[in-house]
Amino acid sequence: MTRLRAEGYQVAASYAAADLVIVNTCGFIDAAVDESLEAIGEALAENGKVIVTGCLGAQPQKILDRHPQVLKITGPQRYEEVVASVHEHLPPAHEPFLDLIPAQGVKLTPRHYAYLKISEGCNHRCSFCIIPSMRGDLVSRPIGEVLGEAEKLAGAGVKEILVISQDTSAYGVDLKYAAQPWRGASRQTRFYDLAAALGELGIWIRLHYVYPYPHVDRVVDLMADGKVLPYLDIPFQHASARILKLMKRPAAAENTLERIAAWRRSVPDITLRSTFIVGFPGETERDFTELLGWLKIAQLDRVGCFEYSPVAGAAANALPQAQVPDEVKQERRARFMELSAEISAARLARKIGRDMQVLVDKIEHGVAIARSGGDAPEIDGTVRISGAKNLKVGAWANVKITGAGAYDLEARLS
């Protein structure tokens with residue numbers, strides 16, 4: 001986006017206002033493929049000039065079978081091809097060197113938060129996943145480059161940075177943790193060094209997709225010191241050792257319950273989020289019951305749960321274990337989410353009466369919709385602040401929690 005903006009292009013607010021549409025796709029699971037194909041169809045119907053990029057672009061025939069009229073298909077990380085395709089079908093109208101762009105580049109999220117991607121690809125070979133075949137092995141961005149981008153974002157007024165990758169804990173292993181200078185000190189391209197340096201920016205730093213390796217404990221110490229948000233997004237996926245082995249999950253042998261207990265002793269207010277898969281081939285009622293028992297002990301704050309869906313090209317397709325019937329998957333997911341809602345409601349109820357700093361995302365009918373440090377945008381809960389007509393989007397607010405539901409909090413200004 002920054003490159004195209006530098007060449008005079010602008011982001012349009014609607015299909016009708018656009019001269020061309022770029023659709024970024026996902027090809028990870030069948031549901032995401034279907035959603036991506038529907039988005040392409042919508043863009044074609046509403047605009048007609050469509051370039052397709054992203055993970056599904058690695059399977060061009062699947063796109064062409066449904067939408068042969070797309071202008072161009074590029075794969076994941078093929079940024080130069082996307083730009084070239086735009087040039088081909090919508091030549092730039094301005095001289096690039098005469099158009100000024102902000103130093104932090106152009107982003108599509110609201111002004112007050114931004115995603116910071118630290119790497120591409122993954123070294124793991126989970127049996128249900130095809131990300132390595134689409135995006136390749138882990139390729140970390142040098143730490144100086146990442147910190148430079150983060151510093152520009154903070155300087156432009158961004159108040160929250162969300163660190164993302166396919167495996168945040170493995171950051172830098174491919175670069176042998178090479179050091180680079182930043183702010184007068186040598187920083188290794190390593191997860192801990194990155195988190196510690198980002199903590200110097202004085203804004204919210206939120207860590208996503210963190211595998212529970214032992215070195216994560218040092219990052220939890222940074223949370224205890226208030227350097228980064230006390231929030232960890234860890235894709236546990238299951239609790240049964242047998243199912244985790246079939247999934248070929250990294251860190252499957254870790255005693256996660258002991259780790260969670262230790263993290264909470266160190267940071268009592270830490271928010272733990274995770275995602276799980278139910279109905280994986282061979283999952284028995286005993287395996288599922290073990291997962292429920294694990295969740296009751298773990299008391300995770302935020303969870304998502306997906307029914308297993310075969311992905312073309314995934315190793316799990318060749319497993320000899322029996323497929324779980326769809327109705328059983330649905331029933332297990334419903335039981336899992338019912339338990340997780342009970343846990344969430346109980347944990348949120350403990351926050352009633354507490355004072356809290358929140359970040360305002362939007363204003364609706366005089367009610368400010370904000371988030372606490374325990375809430376990531378789009379995927380977690382919100383804090384609804386009544387009588388907040390003077391608050392602005394992107395503003396900090398100090399509130400007192402007055403009520404709680406299964407996923408959201410109610411508050412008033414302190």
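**Confidence**

- The mean pLDDT of the protein chain is 89, and 93% of its residues reach 70 or more.
- Residues 94–102 have a pLDDT below 50, and beyond near neighbours in sequence this stretch makes 12 contacts in the model.
- Where pLDDT is low, the predicted coordinates should not be read in detail.

**Overall dimensions and surface**

- A compact globule of 414 residues would have a radius of gyration near 22 Å, and the value of 22 Å for the protein chain agrees with this.
- Taken along the principal axes, the box filled by the C-alpha atoms is roughly 60 × 55 × 50 Å.
- Of the 414 residues, 49% count as buried.
- The protein chain exposes about 19,500 Å², of which carbon and sulfur atoms supply 53%.
- Among contacts with a separation of 6 or more, 71% come from residues 24 or more positions apart.

**Nonpolar cores**

- The largest nonpolar core comprises 53 residues, and those with the most contacts inside it are Ile161, Leu198, Leu232, Trp263, Trp294, Leu300 and Phe336.
- Helix α11, spanning residues 285–298, gives the most to this core, with six residues.
- Another core, of 15 residues, lies apart from it and includes Leu348, Met356, Ala397 and Ala411.
- Leaving aside residues up to four places away in sequence, Phe336 touches Phe276, Phe288, Leu291, Leu292, Leu295, Val303 and Cys305.

**Salt bridge between Arg242 and Asp287**

- The structure holds 24 salt bridges.
- One of them pairs arginine 242 with aspartate 287, whose closest N and O atoms are 2.5 Å apart.
- Arginine 242 belongs to helix α9 (residues 241–247) and aspartate 287 to helix α11, so the pair ties together parts that are 45 residues apart in sequence.
- Arginine 242 is partly exposed, at 38% relative accessible area, whereas aspartate 287 is buried, at 6%.

**Salt bridge between Arg273 and Asp380**

- The side chains of arginine 273 and aspartate 380 meet in a salt bridge with an N to O distance of 2.7 Å.
- Arginine 273 lies in strand β12 (residues 271–278) and aspartate 380 in the loop between β15 (367–371) and β16 (383–385), so this pair ties together parts that are 107 residues apart in sequence.
- Arginine 273 counts as buried because its relative accessibility is 8%, under the 20% cut-off.
- Aspartate 380 is buried as well, with a relative accessible area of 13%.

- Aspartate 301 sits in the loop between α11 and β13 (302–307), and arginine 347 in helix α12 (residues 326–349); the pair links distant parts of the chain, 46 residues apart.

Conventions:
Residues numbered from 1 in each chain as written. Predicted model: local features only at pLDDT ≥ 70, side-chain atom pairs only at ≥ 80, totals over all residues. Heavy atoms only, no water. Core = buried A, V, L, I, M, F, W, Y, C linked by side-chain atoms within 4.5 Å. Buried < 20%, exposed > 50% of the residue type's maximum accessible area, 1.4 Å probe, protein only. Helix = DSSP H or I, 4+ residues; strand = E, 2+ residues; numbered from the N terminus. Contact = heavy atoms within 4.5 Å. pLDDT = per-residue confidence, 0-100. Rg over C-alpha atoms; globule rule 2.2 N^0.38 Å. Areas by Shrake-Rupley, 256 points an atom, 1.4 Å probe, with all protein chains shown as cover. Salt bridge = Lys/Arg side-chain N within 4 Å of Asp/Glu carboxyl O.
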